Amino acid sequence: MSTQYLRPSSLRHRETHYCPGCGHGILHRIVSEVIDELDIRRTTAAVAPVGCAVVAYNYWNFDCSEAAHGRALAVATGIKRVSPDLCVFTYQGDGDLASIGLAETVHAANRGERLTCIFVNNACYGMTGGQMAPTSLIGQKTATTPCGRTPDTGEGWPLKISDLLAQLPGVCFVARCALSSPKEIQDTARQIKTAFQHQLDKRGFSLVEVLSPCPTIWQKNPVEAMAWIDTEMKKVFPPGILKTP
Amino acid sequence: MAKIKINTDQCKGCRLCIHFCPVHHLRISEEMNNKGVLYACTDPHTRCIGCGYCYLVCPESCIEVHLLEPSETKKTHT
Amino acid sequence: MSGNEAIGEGAIRADCTLYAGYPITPQNELTAFMARRMKESGRSFLQAESELAAINMVFGAAAAGARAMTSSSSPGISLKQEGISYLAGCELPAVVVNVMRGGPGLGNIASSQADYFQATRGGGHGDYFTPVLAPWSVEEAAQHTMQAFDLADFYRTPVLVLADAIIGQMMEAVELPEASRFSRPLPKKTWALSGAQGRRPNIIKSFFLEEGGLERHNEHLREKWEKLREKEQQSAYYGPETARILLIAYGSQARIAKEAVDLLTKEGMRIGLFRPVSLCPFPDHALKKHAKEKKMVLVVEQSLGQMVEDVRRVIRDTPVLFFGKTGGGIPSSQDIVSHLKKVLEK
């Protein structure tokens, strides 16, 4: 036994507003750990999304801006272009990134902006009460797909945005991870660190998709929610590195 | 050997740490914390192996895993 | 140079560091000018994927403490309103240029002044106003742009330069100052995102969920606005102090109205032109002074009548008449003369 596990200094000592078992708390901590490890807390600017993580800046101990729903990567582009020495990342949910902000996402990636995007995929709109997200699974019951998402009735298929983005030449790194076990949480931290490192090395756009539990909307207890990621979400969104330089 | 520190007042009782602890060192409390939830606490009958799983899965970051000084390790063994 | 290019040159001289635009007529010369000049001077030019993205790139640059500008024309400005509301809520300085064209909807690409309400009433959602400057010449288009950056930084607010297609497209010789002539020292941007080095983290936000938080924030915005309203009213007057008839117009329409004043003065009419330069804050004080002892006031606009409502708010004891054309129609100096004569005959 040689490792201690201590709260990272990039995470403020503040209780979160998240539901019990929510993935945001875990992911906020992972991001904070990576920023501590890379020693970039004083040269980082984050862009928070609209959604449950809208007040992520209350928990992080570094500079942060809000953005209108879906516009995080446009805001991040503006910050990075005028302050290229800052490490700039967005933290966005599936609705924010893959629905209302799809144009901003695709074009920031296609311009090869030297940004890192942490994409939280929980297959639903959490904050507004569990509506269908672009990443909702086929058959998944949501507030707006009460009979389960059915492509045949025009509700579409789960949008694999990471796979799409990996095709673009401006994108240098895409990985998909999960928060469903300690081992995978450690792997998520590794991938996020790699993504940040690519930005620091000026390689281009990097994105890490994180399959994250939303026990409240999924109507499962936190342990069952973790299991649902493994048994259902991973079938549609298999973890792995989709693109690397 | 390692020792777990839990900020029990911050714990929301999600029980992920209890589920993932490989040595059943964590259990749910019998009384409520100031939030009114049953919180995670350590079981004195088992020993922490310092794997950090509880820290990793805790959404509130209210668990820390500290290394024990050699003197403390001895005490734990007795 | 053209009005569109002058706006760009003004931005360059005001140390604009990032410009983000999206193609729309009649402001394309401005985007093309910026593409060339920003790159030449090692600054950031972005052709955004949409108006939404452009205004939010400006938001990001402003949040990082840089001077930033976007431009568009009416339909594009409607799209930018979301971002303008966020800029106002987050108290971020930025310059937004609207080279107005006809609306509603896709309208047409002719000159228009139909975005007056949108520009002077906030435009987006929520309780806020943004300062609005309306140039009437190519030279003023550049000067207003430079001034807009100073006002934006001084008050931490987005500022609109409201030009129209005529101002944007017309060519004139201009004489420009090398740098801004703002009379007051500008505050340091200690709030900007620059990395939390030797200070607590800076947070840019317009979200106030806690009890009373938004009320306090909006009251703060109101107090700032009231200071701005008292100090930043700008207007110009053309004609004799003894005028009995007062024409009121802004932007390109004021140029045309000035011709009408000249024509009627030759005919012996005692007539003057009052030109609001800042549309928001509206120049209440100066207008009150100039409206004294007038027989009649005529407001002329390239719209169905928008600024006239502000004029009627200020002038209560003199008849305020309106003459305007819409959808690309432009009241000519002869139109104004005939209209005025017809009214006076009655």
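Modeller: Axes here are lines fitted to C-alpha atoms, for helices over the stretch in contact, and angles run from 0 to 180 degrees between N-to-C directions. Helices (H or I, at least four residues) and strands (E, at least two) are DSSP runs, numbered from the N terminus. This is a predicted model, in which local features need pLDDT of at least 70 and side-chain atom pairs count only at pLDDT 80 or more, while totals for chains, interfaces and linings use all residues. Residues are numbered from 1 along each chain as its sequence is written, chains are lettered from A and ligands numbered from 1 in the order in which they are written, and side-chain values use heavy atoms, with hydrogens and water left out.

Colleague: At what angle do α10 and α11 of chain C pack?

Modeller: Helix α10 (residues 284–291) and helix α11 (residues 307–314) of chain C pack at about 70 degrees, and their axes are 10 Å apart. α10(C) is therefore roughly perpendicular to α11(C). Angles under 35 degrees count as roughly parallel, over 145 as roughly antiparallel, 65 to 115 as roughly perpendicular and the rest as oblique.

Colleague: And which residues meet there, in α10(C) and α11(C)?

Modeller: From α10(C), C:D284, C:L287 and C:K288 meet C:V311, C:R313 and C:V314 of α11(C). The residues of this contact comprise three nonpolar, no polar and three charged. Ala, Val, Leu, Ile, Met, Phe, Trp, Tyr, Cys and Pro count as nonpolar, Asp, Glu, Lys and Arg as charged, and the others, Gly among them, as polar.

Colleague: What about α3 and α4 of chain C: at what angle do they cross?

Modeller: Helix α3 (residues 51–63) and helix α4 (residues 74–90) of chain C cross at roughly 25 degrees, with axes that come within 8 Å. The two helices, α3(C) and α4(C), are therefore roughly parallel to each other.

Colleague: Is the crossing of α3(C) and α4(C) left-handed or right-handed?

Modeller: α3(C) passes α4(C) in a right-handed crossing. A crossing is left-handed if the near helix is turned anticlockwise from the far one by less than a right angle, and right-handed if clockwise. The residues of α3(C) that meet α4(C) include C:L52, C:I55 and C:F59, and those of α4(C) include C:L79, C:I84 and C:L87. The contact of α3(C) with α4(C) divides into nine nonpolar, three polar and three charged residues.

Colleague: Turning to sheets, what is the order of the open sheet of eight strands?

Modeller: The order is β7(A)-β5(A)-β6(A)-β4(A)-β3(A)-β1(A)-β2(A)-β7(C), and the pairing is mixed. β7 (240–243) of chain A and β7 (203–204) of chain C stand at the edges with a single partner strand each, so one side of each has no neighbour in the sheet. Two strands pair if DSSP finds at least two bridges between them.

Colleague: How many bridges join β3 and β4 of chain A?

Modeller: Five bridges join β3 (residues 87–93) to β4 (residues 116–121) in chain A, and these strands run parallel. A:G93 stands opposite A:V120 in β4(A).

Colleague: What does helix α2 of chain A touch on the sheet?

Modeller: Helix α2 (residues 72–82) of chain A touches β1 (44–47), β2 (63–65), β3, β4 and β6 (205–211) of chain A, and its direction makes about 175 degrees with that of β3(A). Helix α6 (residues 182–200) of chain A also packs on the sheet, touching β3, β4, β5 (171–178), β6 and β7 of chain A, at about 165 degrees to the direction of β5(A).

Colleague: Which five strands form the open sheet in chain C?

Modeller: They follow the order β8-β10-β9-β12-β13, with mixed pairing. β8 (235–238) and β13 (320–324) of chain C are the edge strands, each with a single partner strand, so one side of each lacks a neighbour in the sheet. The twist from one strand to the next averages 20 degrees.

Colleague: Between which chains are the most contacts?

Modeller: Two pairs of chains touch, and the most contacts are between chains A and C. Contact means heavy atoms within 4.5 Å. No contact joins chains B and C, whose closest C-alpha atoms lie 20 Å apart.

Colleague: What area is buried between chain B and chain A?

Modeller: About 2,400 Å², with carbon and sulfur atoms giving 62% of that area. B:K12, B:Y55 and B:L56 supply 27% of what chain B buries against chain A, more than any other three residues. Buried area is the accessible area (1.4 Å probe) that two parts lose on being put together, summed over both.

Colleague: Lastly, where is C:P26 placed?

Modeller: C:P26 lies in the loop between β1 (18–21) and α2 (28–40) of chain C. A cis peptide bond joins C:T25 to C:P26, with omega about 10 degrees.
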